[in-house]
Amino acid sequence: MGQCPSAPCYHHHRKPPPPPPSPAAQAASPRFCSAAAAEDAAAEADYTSDLPEELLAVVFGLLGSGDRKRCSLVCRRWLATEASSRLRLALDARAPLLAAAPAILARFSAVSKLALKCDRRAESVGDPALALVAHRLGPGLRRLKLRSVRAVTDHGVAALAAAAINLRKLSVGSCTFGAKGIEAVLRSCPQLEELSVKRLRGLADSEPITVSSPRLQSLALKELYNGQCFSCLITRSPNLKTLKIIRCSGDWDPVLQAIPQGALLAELHLEKLQVSDLGVAALCGLEVLYLAKAPEVTDDGLAALATKSPRLRKLHVDGWKANRIGDRGLATVAQKCAALQELVLIGVNLTSASLELIAANCPTLERLALCGSDTFGDAEISCVATKCASLRKLCIKACPVSDAGMDKLAAGCPRLVKVKVKKCRRVTFECAERLRASRHGALAVNFDTPGGAGELQDASVDESGVLENAGSDVVQDDFDDQIGVPDLLCGTSGRPSGWKAWMSALIPRSLSVSMFRRRLRGSSHNS
């Protein structure tokens, strides 16, 4: 009736398709050769050639020291860009550096933060090296660190200071020049804001420094003989806010008593000093106080200081087990310093009497650390658990607490996120497990036993640097770009130490542990 729909036509005698050309024939064809050449050209193309040097400099700034050095070897453009954008430089300041210094400083002409460090057993560079630094970097220099450059004299420091008029931070350690060099820096660098002097050998017979610094905000004096020659700088610098005097010989009461009542001093560190209640009681308006290993300071001095410092936020006291500071001084702190946020007590015997006052009068207390207190037991930890509602971090070390007291933390301190217990013989590992389970993983518990170490820690909670390094005066190194010396802050991979901390915060602890176990298994199989 009609035509059927069209259907495919099958040819039973159709010829098979021709075989594909051989690889040799393909390679010989002009079409294949042009495609391969295009692929090779695309692979060899430098896509970074279109990036402006400013953008490359930003990328280099995000890399660690080792990666920056490797990038500078890629091509001449990267070499020039890396050199012109490097702001931090650390040099091995041994004597042979003098021959290479002109080329190095000419290459890194934009450096504003320079460190010269020499091994204590080696001969260091001298005044000619500082003259080269003054000529090449001069006005652009903002930060300078000198370590163990014993051949540098007052004249060399004065010549460098005359050129580095914009210097803002100076750190000196284990050098042999004296007060005249420091005085030249204070005269020539009106922008100086931070000064750190440690083990300066030339101060023994130096005259007192008679120059003040109008913009000086931070002064650190460490392990100095005749450090009192800085008394004029301490008392006459109008903007001085932070003062650290650590392990310096001599009587410091007259210096502290000479500080004006209206001074802006807000942070004070005193460690291993000959200072008494007379010097401490003369201070006022402090917000941060570190008082470590000063056995002549008693409850009377601490109470007088607390009365004059109602804005005190951080208090660290290392009583050295001298029993000169206790409940009476801490009770005055509780009554006068309602803004207290951090309290660290080492070798101080306190009881519930002062703890109750602190909990009642200091509602913003967030960090509490107690170490080596013979009177801090279950009653005191129960007081903390029931009355310190704002507490977030608690550290207990070598105190006579037990499981009965630690169990009270499970129901108390609702904002608590981290507990650290060390060398407390009456606290068991099971108690630490119960404490962590009570908050469903929201509470990090770091626990170790006297005979070993155990840790129950949540990776999302960071370590408290204040509680971990209470009483220490370790100064972090600011320079991570090393030329001529090994990377002080980098591991074998060339990445900075900050990268490791960042990665440890991102990678879950369980994943890192499993990776470590796999590596151990692989090494055992290979062996």
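A residue is called buried when its relative accessible area is under 20%, exposed when it is over 50%, and partly exposed in between, with a 1.4 Å probe and protein chains only. At 49% relative accessibility, Val58 therefore counts as partly exposed. The structure is a predicted model, in which local features need pLDDT of at least 70 and side-chain atom pairs count only at pLDDT 80 or more, whereas totals for chains, interfaces and linings use all residues. Residues are numbered from 1 along each chain as its sequence is written, and side-chain values use heavy atoms, with hydrogens and water left out.

The protein as a whole provides the setting. Its secondary structure comprises 21 helices and 17 strands; helices (H or I, at least four residues) and strands (E, at least two) are DSSP runs, numbered from the N terminus. Of the 527 residues, 44% count as buried. A contact means heavy atoms within 4.5 Å; among contacts between residues at least 6 apart in sequence, 69% join residues at least 24 apart.

Val58 itself lies in helix H3 (residues 53-61). Together with Leu51, Leu55, Val59 and Leu62, Val58 makes a nonpolar surface patch of about 440 Å². Such patches consist of residues with over 30% relative accessible area and no salt bridge, where nonpolar side chains (Val, Leu, Ile, Met, Phe, Trp, Tyr) are joined within 5 Å and like charges within 9 Å. The accessible areas come from the Shrake-Rupley method with a 1.4 Å probe, and for residues only the protein chains shown count as cover.

Attention now turns to the strands. Strand E12 (residues 367-371) is largely enclosed by the rest of the structure, because 4 of its 5 residues are buried. Strand E11 (residues 342-346) pairs with E12 in the parallel sense over 5 bridges; two strands pair if DSSP finds at least two bridges between them. One of these bridges joins Glu342 to Arg367 in E12.

Asp318 belongs to strand E10 (residues 314-318) and counts as buried because its relative accessibility is 12%. Beyond its neighbours within four places in sequence, Asp318 touches Leu291, Ala292, Lys293 and Ile346. The side chains of Asp318 and Lys293 make a polar contact at 2.7 Å. A polar contact is a pair of N or O atoms within 3.5 Å; within protein, one must be able to donate a hydrogen and the other to accept it, and residues adjacent in sequence count only if both atoms are side-chain atoms.

Lys293 lies in the loop between strand E9 (288-292) and helix H13 (299-308). Most residues other than glycine have a negative phi, yet the phi of Lys293 is positive, near 55°. Ser174 likewise has a positive phi, near 55°.

Side chains of opposite charge can pair when their charged atoms come close. A salt bridge is a side-chain nitrogen of Lys or Arg within 4 Å of a carboxyl oxygen of Asp or Glu, and the whole structure holds 21 salt bridges. In one of them, the closest N and O atoms of Glu82 and Arg68 are 3.1 Å apart. Glu82 lies in helix H5 (residues 76-85) and Arg68 in helix H4 (residues 65-71), so the pair ties together parts that are 14 residues apart in sequence. Glu82 is buried, with a relative accessible area of 1%, and Arg68 is buried at 5%.
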